[in-house]
Amino acid sequence: MSAPWNLNRGNVQRVSSLARPDTTIAKRGLTRPRTTPPPSEGLLGKDSKLRYSDWVLWAAVLSLSMLGVLLVAAATKPANPTHPFHVAEHQAVFLAVGFVFAVLTSLADYRAMRSAAPVIYVLGLLGVLATFAIGTDVNGAKAWIRLPGGIGDIQPAEFSKVAIIVLVAMLFNAKRRERLEVGDVDVVRALILVAIPMGLVLLQNDTGTMLVLLVIMFGVLAIGGAPTRWLAGLGIAMAIGAVLVVKLGILHGYQMDRLTGFVHPDTDIAGINYNAYQARVAIGSGGMTGSGLFHGPQINGQHVYAASTDFIFSVAGEELGFIGGAAIILLFTVIMWRGLRIALRAPDLFGRVVAAGVVCWFAFETFENIGMNLGIMPVTGIPLQFVSNGGSSVFASMLAIGLLQNVHIQTKAGPTSAVL
Amino acid sequence: MNDRSRLRLVILAAIVFSLPITLIGRLWYMQALAGDKYKAALDNSITREVQTVAPRGMIVDDVGRPLARNDSALVITALSTELPKANIGTDKNPQPNPKRVDEFERLSKIVGVPADQLDARATLCDYAKYHADAPKKNPGCWTGSPLQPIPLVTIDNSTPDAAQRATDIALQVLEQQEEFPGITAQVQDLRTYPAPLGASAAQLLGHVGKITADDIKNAKDDAEQTALKDAAGAGGVIGQDGLEAEYNQYLEGTMGTRTVRVDPAGNPIETVKDVAPVPGAQLVTSIDARVQAIAEQALADAVNRARTVPQRLFGQTMTVPADAGAAVVVDVRTGHVIAAANYPTYDPGVWDGTGIDPKTYDALLHAPGKPLFSQAIQGQYAPGSTFKVISTAGAVTTPYYSLSGTYDCPSKYLGYQNFEGESGWGSISFAQALKISCDTFFYKIADTLWRADGSMNPVAHPRDALINEATIWGLGKDTGIDLPIDATGSIVSRQDKIDAWNKNHELWCAQASTEPNPTFRQYDEENCQDGAKYRQGDALNFAVGQGTVTVSPLQLALAYAALGNGGTLFTPRIGKAIVAPDGKVLKTIDAPSRKLDVSADVIGYLQNALHSVVSEPHGTGYAAFLGFPLDQYTIGGKTGTAEVQGKIDTAWFASFGGPKDQPAQYAVVVMVSQGGQGGVTAAPAVRQIYDGLFGLDGSPSSSGYNPHDMFAAAGPAMPNGAPPATLPNLMPKPVASAAPSSPPAAVTSGSAVPQALGALGVLAPPPDRYSGPPGRTWAS
């Protein structure tokens, strides 16, 4: 795993993991993994940790982000004749700030980050709690906090995704470090800790986020090594729960409508299925190459609501066609691939669970979002990461990328932990 | 390595990678395989069709003078969605948009209308906010569709100077489109009736008007209904009355369709498809504006003369009211109507593209003589002695009478008198009887025939020779003219009497005891008793065109045309051809005809007899045609002086004529209601029309009447004495006519400016090809 720039280097200690100078020691558990590396010469300096980050992953994220800014511009221009690129400029700023977060997160001290997991968890929880006090209602979910000065709204639940991932990763990692298998107690403890933010999100009517949290929970439990019976049990419980929820009429009217609409996609296209239908029309009419950026009739006619946020994929579909739509899907696939690769090579269980959790999160959100645009998934309020307009999703997603990069850097540059 | 974790990671990877494969598969299906379906859905969900009205075809006379045309008016229009928005800033704190303010200031300087007025006109009425009160809340606001160009100012271009100014304004707006976003100059059509040479013909032309709910309801099929709805929505017009209505389907053209992309609120975003309207075809009529003008003048002169020059009537010398009249000129060889004049008439120019001023209409509706009513086509009057040619033709079909025989013309017959001064002439021929118009001659014939049919107790199959003859000559039923109006006149048969009695005898019998007026009471008593029977009085009145007999001037003209052409009765036509905008003849319109069941001998005899009416002393038309060059032109005619209950007699003169030794070319009929004697009031008017047709100077006749032929100096109205045999060469319609319909967006593009300017070329008043005498005032 030697990178070219690792050759002819003065500092032997930071030679790639192939050399594994302290593998044996680590395996014996005599020492904790050493923190790496010595002080860098600036972010992009010769000795910067950033050099060990996953460049393919960065490239995919940056490509998606830039594509996202263009698509947001295309989606918001028609409604803002006086300041056509106002929203897109905001989004570019969000992405830039988010990217800085990602870089900073990637450079954070791995151990410190690991031990900071409870703090992240608590902060995420407080954020969600705050929405009950000062939250604003958007599209039926009281999940946003309006920031002063018109900067925008923030959705704390986005960060609880990160919180759950790092907390469970930390818990299970601690167990493994003690050479113990993850047992029933650990699973129960994790479930309780995950259930708290999940319950709060549910109280906010934020179905989308709740579903994502469920998927993340399942993912981190599975990769974290929870006993198979628990996974099977959870799976069955979720299936029964889903049926019960629908049958018992616990769902809100609009949620039921969305489900009904999904089952009968070609009915009531002026009502329940209006937007899903308009999005499908936009995408379908895009053809192979699309109508050209800024030239989508359906988008320019503002026929698709939320085209800059949850339905941004329809902009890509109409204006960039199959080429553009497939490119977005492939870029997400690249992120998934790099994430799985990072999980596979993670230095410890913490890194693996974090990486796998992020992959589960991204995979589900991407599939759900693009799927609902394409009419193969029911409509829920889930944004397309890096592409959809909106700060919270960008920040949380960038944070997640930062975590992946951090694990990657730890794998490449740090001593490998034996505890997996 | 933890194998369980690793295995699960592999499973996760499998799941994760299956997701994008699913998505790409679905994306491929939607975009590559089902793309067409979605493209179709796209067109449906985001476009609207805006209909543009086609320029209406002209109606021209036989040499191409426009009787109805489209004047182009320059209109500055705005497309609300392309204008700068009215307000900037937030909803709570709206600020006027300086761009828009400046734009209207600039326009104001050019067109001379205050900027705030222009702005108000260009603003859509806010129905969403104010509902029905919207037009009141924003005075001047546009109540129509946001898709339609909003007319801001109509620039006068009626004079050359004004047209120059209009062109300048249009240039400024069109050449500086960056200064005038959303504003353009358009040439719009306005239907006008220029009345060439002062020929009104208002009752023939009809007019156009807004499409009404009834028009849509009465559409002949669904397609027409849809088209009418679209046209109504686009502000289109439909022909109402006259030729405009009759030939509407040719004149209206085909609407254009502009497909625009709209947002969910229905606001247009861009034009995606523009199908230009197809201009309507042009109707060439057989009306000759000059002959029409001559006929109208002759009729007006006749009316004035009757009102001012005393004549002998009812044993005294008097002037008469002459309240209405008609003059009809028919081409006897083709059955086409060359002129159909009406008195009183009015300027057809009072109708414009959208209708008529309500006050003007009200005045016309209540004007004396009903100028809106076509006396020529719809007026039904007793024909009087003009009917005697039919009585003659009918009598000689019986064994009792022949053309070679002579019969009595007593001074009285059964209490019916001849006109004053027409004493007995002894035994005379039919020709003599027609020449001097001996009533008793025909009374006796009628009585003889009535008796032969069995008197009050008719034989099994009564001959009814005169009634049948009238029917043969087309009287008593519609002429079938190509107009929405027509008249049957009245020829009452035996069966008609029975039908009428069955229907009305209860009323008659009831009135016979209650009617205070003794004369009417006597009628009621008679009708009650034997109203179903064909009585002696019926027969006698019938023979001289009195009693229940009525005809329209057009019907009589057609009968005399048949007499003039040797026995061909036409279903008359005013339309001569339909000519496409590019000048191609789409359809020529021939008048259907049938051969009369009248022998050639009879026709020839009648022609000669009628010649003598005007050419021989004692002929009732002789005085009127004194000084007329009968050595060059052959005229045959018959006077009629029909008694009308409670009114002054109806004056008639019915004739046919043409250059000598040629078949007759024209049938000319003049009728003046309450005009008195036919020979005094109507015959000079007919002569005046022939003077005009043949280009004669109308030299004074012995009657002291000096007809003033306003056109005599210009030569004959009909060169060579005949109507034009070929169609006028109509210029292909200028491109300009299509310009108003092209979307404003197209005008903004560079290449469109020259085209639009070419269109503006028609802004100049149309050159007057026919520099006739100046227009005259309207007699009404």
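Notes on the predicted A–B complex

1. Confidence first, since this is a predicted model. Chain B has a mean pLDDT of 83, with 86% of its residues at 70 or more. Two stretches of chain B fall below 50: residues 702-707, which have 13 contacts in the model beyond near neighbours in sequence, and residues 732-780, which have 92 such contacts. Where pLDDT is low, the predicted coordinates should not be read in detail.

2. For the complex, the predictor reports an ipTM of 0.87 and a pTM of 0.63.

3. On to the interface: 42 residues of chain A meet 34 residues of chain B. On the chain A side, helices 8 (207-224), 11 (274-284), 12 (297-300), 13 (312-344) and 14 (349-374) each put in at least two residues. Helix 13 of chain A gives the most, with 12 residues. By type, the chain A side that touches chain B splits into 22 nonpolar, 18 polar and two charged residues.

4. Chain B has an open, antiparallel sheet of five strands, ordered 16-15-29-28-27. Strand 16 (337-343) and strand 27 (633-644) of chain B are the edges, each pairing on one side only. Neighbouring strands are turned by 10 degrees against each other on average, ignoring direction.

5. Inside that sheet, strand 15 (324-331) and strand 29 (666-673) of chain B run antiparallel over eight bridges. As a landmark, G325(B) has V672(B) as its bridge partner in strand 29.

6. Worth a look as well: helix 25 (678-694) of chain B packs on the sheet and touches strands 15, 27, 28 (647-659) and 29 of chain B. The direction of helix 25 makes about 30 degrees with that of strand 28 of chain B.

Definitions and conventions: Residues numbered from 1 in each chain as written. Chains lettered and ligands numbered in written order. Predicted model: local features only at pLDDT ≥ 70, side-chain atom pairs only at ≥ 80, totals over all residues. Contact = placed C-beta atoms within 7 Å. Helix = DSSP H or I, 4+ residues; strand = E, 2+ residues; numbered from the N terminus. Nonpolar A, V, L, I, M, F, W, Y, C, P; charged D, E, K, R; others polar. pLDDT = per-residue confidence, 0-100. Pairing = 2+ DSSP bridges. Axes fitted to C-alpha atoms, helices over the stretch in contact; angles between N-to-C directions.
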